[in-house]
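Dear colleague,

I am passing on the structure we spoke about, and it is placed just below.

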Amino acid sequence: MSSDAREYEVAEVVLVTRAAEPSAPDPVEAIREIFTSSVGLATYTATTMAALVGQTVTTAVNSALDRAVPMIADAVIDRLDLTDLVIDRVNLTRVVESTLDGMDLTQLVLDRVDIDAIVGAADIEAVIDRVPIIPIADYVIDEIDLPQIIRDSTTGVAGEALDSVRRQGVGADLLLAGIIDRVLLRRGRDLDAPGEPESLDRVSEEAKGADPREES
Amino acid sequence: MTTFREYRAAQLHGFVADRNVPALPTDAVRFQGERAGLVSRAVAAIIDVVLIFAAVLATIAALWMLSFIIDPTNTGNLTASVEAAADRQTRIPPAVAMVAYGYVLNVLYWTAFWALSGRTVGNLVMGLRVVNRKGAHPGWFLSLARALFCTIFPIGLIWVALSRRNKSVQDVVLRTNVIYDWVVGIPWLKQGDDAEDLRAERGGIGDEAHT
């Protein structure tokens, strides 16, 4: 391109001017020009008229419809029981189901509902009245073995030593009985005695005054 | 772990939470009420006899000290013979008398404790209790009979090891049992249902008296 520019730089431009000479008017050409212009004007006018009319008519019809349709619709609807019609003709279950299928109800509630406000307004005492507190307490006591916990926290070293001595006694009893039963070729012993041991008795405050001597 | 739902279901089917073991190690509940074996019972008996022996020694010591007030002129030494006692040559009673005293004391001690609570001190330490054939406290007469029998014929305890039902000769003859009963607390305070039965019994007797 730079080489081209260099070529232009070296080129010379020579302008030669001379007076114009008007040609003679052609009659055929003039007639044709007049005709073409007339046809174009007529076409343009017709098109414009048509558009104007169309627009005017559309506006008029629309405004007429705007006024008339609500009145007609109201009149029609007044004469129809729309609710019954919907109930009769529309499968509402399917509509509701498809609606519910389409949305995550839980998320909707979480997003839109103030759960704290609902809980705050709820009558908790009425709920608690219906909750089986005592069975729950019993259940908890059983599950955590509360008697054992109380025992662990109340019996001191002396109690544990006593338990230990007794436990060793029981172990020695079983060991000796096992050895002798093996020597005598016996199988087990009948150790169930009548009566209930006091250690499994229920503790009752009101019973503490009772004297067993009067019983026998 | 049982869920609360399961627990409730069990309750509906008649399950009652067993909370009657307030002061017992959970693993010891299993053998409560079973007949005890030889070792526990022998240890308990030895504890009792040692206690009685200590009581006899204490009595001798007390008598010796009292003798300085009662009989200050006695110059005798510690000779526990009948002759020495007869000749006022000693300040302590003859050995024969003290042994007899020990036996009597032993019988009285066992009788009283068995009749009152079913337990002597040795039984309490080893977690044992003497019961009659119905499983209740032995009465005074039965306790006396058993105490005499045990004191006179202690070797009868050996039968526990051989018996299929852990019974000593005394247990067989008097139809008693010695059971594991690890009660904690004061043993002769009867508790719970028994007391209710007792009240019902009294009420019943009262009603009969009215009619």
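**Chain B and its helix H4**

Of the 211 residues in chain B, 34% are buried, where buried means that 20 or more other C-beta atoms, placed from the backbone, lie within 10 Å of the residue's own. Please keep in mind that this is a predicted model, in which local features need pLDDT of at least 70 and side-chain atom pairs count only at pLDDT 80 or more, while totals for chains, interfaces and linings use all residues. Residues are numbered from 1 along each chain as its sequence is written, and chains are lettered from A and ligands numbered from 1 in the order in which they are written.

On confidence, chain B has a mean pLDDT (the predictor's confidence in each residue, from 0 to 100) of 82, with 83% of its residues at 70 or more. Over residues 186-211 of chain B the pLDDT stays under 50. For the complex, the predictor gives an ipTM of 0.72 and a pTM of 0.55.

Chain B holds 9 helices and 2 strands, taken as DSSP runs numbered from the N terminus, with at least four residues of H or I for a helix and at least two of E for a strand. Helix H4(B) has 22 residues and reaches 31 Å from its first C-alpha to its last, close to the 32 Å expected, that span being 1.5 Å times one less than the number of residues. Its buried residues are Asn106(B), Val107(B), Trp110(B), Thr111(B), Phe113(B), Trp114(B) and Ala115(B), and what covers them includes helix H2, strand S1 and H6 of chain B. After H4(B) comes Gly118(B), with a positive phi near 80°.

H4 (residues 95-116) and H6 (residues 140-152) of chain B pack at an angle of about 140°, their axes 8 Å apart; the axes are lines fitted to C-alpha atoms over the stretch in contact, and angles run from 0 to 180 degrees between N-to-C directions. Residues that make this contact include Tyr103(B) and Trp110(B) of H4(B), and Trp140(B), Leu144(B) and Arg146(B) of H6(B), a contact being C-beta atoms, placed from the backbone, within 7 Å.

Note on methods:
Two residues are in contact if their C-beta atoms, placed from the backbone, lie within 7 Å. A residue is buried if 20 or more other C-beta atoms lie within 10 Å of its own, exposed if 12 or fewer, and partly exposed in between; C-beta atoms are placed from the backbone.
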